[in-house]
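Student: Could we go through this model together, one local feature at a time, with the cut-offs stated as we go?

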Amino acid sequence: MPIKLENVAIAVRDLDATIAFFTDLGLTVIGRDTVSGEWTDTAVGLDGNHAKIAMLQTPDGQGRLELFEYLHPAAIETEPTLPNEIGMHRVAFSVDDLDEALDIAARHGCHPLRGVGTYADIYRLTYLRGPSGIIVMLAQELRPS
């Protein structure tokens, strides 16, 4: 059976602020909608499900993020995920210029958890806390192919 990754979905506190963060990093909004009704109650498993959603895509067309802000039921605040917790961990992006990407993230109040590391002279990379506490990994390949 063929299978492909369709997208990664992330619940956010503020859809517009999160879209601004990811579009400034280079993703493109390919659709926005407000969803509700029986079909979404059934698919998601929540009665009265009502949310604003946006689908974003990486410039190469290969990666997609679905962001959603709940209108009903009310979103439940949780503690931000730590890098060593079991479960959904992070979303990772390759960037051409890590310093430029970090400057963009900083304009949104998002900074590395600790700093920038280098993995085996292959990547410079860092984890940062993005909007709504999302862990975002940014990596710059040091030896482009």
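Predicted model: local features only at pLDDT ≥ 70, side-chain atom pairs only at ≥ 80, totals over all residues.

Student: How many aromatic pairs does the structure hold?

Tutor: Rings of Phe, Tyr and Trp (its six-membered ring) pair if their centres lie within 6.5 Å; planes under 30 degrees apart count as stacked, over 60 as edge-to-face and the rest as tilted. By that criterion, the number of aromatic pairs in the structure is three.

Student: Are the rings of phenylalanine 22 and phenylalanine 93 stacked, tilted or edge-to-face?

Tutor: A pair of aromatic rings is described by the distance of the centres and the angle of the planes. For phenylalanine 22 and phenylalanine 93 the centres are 6.0 Å apart and the planes stand at 55°, so the pair is tilted.

Student: How many residues apart in sequence are the parts that this pair ties together?

Tutor: Helices (H or I, at least four residues) and strands (E, at least two) are DSSP runs, numbered from the N terminus. Phenylalanine 22 lies in helix 1 and phenylalanine 93 in strand 5 (residues 91-94), so the parts tied together by the pair are apart in sequence by 71 residues.

Student: Is phenylalanine 22 buried or exposed?

Tutor: Buried means under 20% relative accessible area, exposed over 50% and partly exposed in between (1.4 Å probe, protein chains only). Because its relative accessible area is 0%, phenylalanine 22 is classed as buried. With a relative accessible area of 12%, phenylalanine 93 is likewise buried.

Student: What is the angle between the planes in the pair of phenylalanine 68 and tyrosine 70?

Tutor: Phenylalanine 68 is buried, since its relative accessible area is 17%. The pair of phenylalanine 68 and tyrosine 70 is edge-to-face, with 5.5 Å from centre to centre and, between the planes, 85°.

Student: Which peptide bond is cis, with omega near -15°?

Tutor: Most residues other than glycine have a negative phi, and most peptide bonds are trans. Proline 73 has its place in the loop between strand 4 (64-72) and strand 5. The cis bond, with omega near -15°, runs from histidine 72 to proline 73.

Student: What is the phi of aspartate 121?

Tutor: Aspartate 121 is found in the loop between strand 6 (117-119) and strand 7 (123-129), and at 55% relative accessibility this residue counts as exposed. Although aspartate 121 is a residue other than glycine, its phi is positive, near 55°.

Student: What is the relative accessible area of serine 132?

Tutor: Serine 132 sits in the loop between strand 7 and strand 8 (135-141), and its phi is positive, about 60°, although it is not a glycine. Serine 132 is classed as partly exposed because its relative accessible area is 24%.

Student: Where does glutamate 79 lie?

Tutor: Glutamate 79 is exposed, given a relative accessible area of 70%. From C-alpha to C-alpha, glutamate 79 and cysteine 110 are 17 Å apart in space, and they are 31 residues apart in sequence. Glutamate 79 lies in the loop between strand 4 and strand 5.

Terms used:
Residues numbered from 1 in each chain as written. Heavy atoms only, no water.
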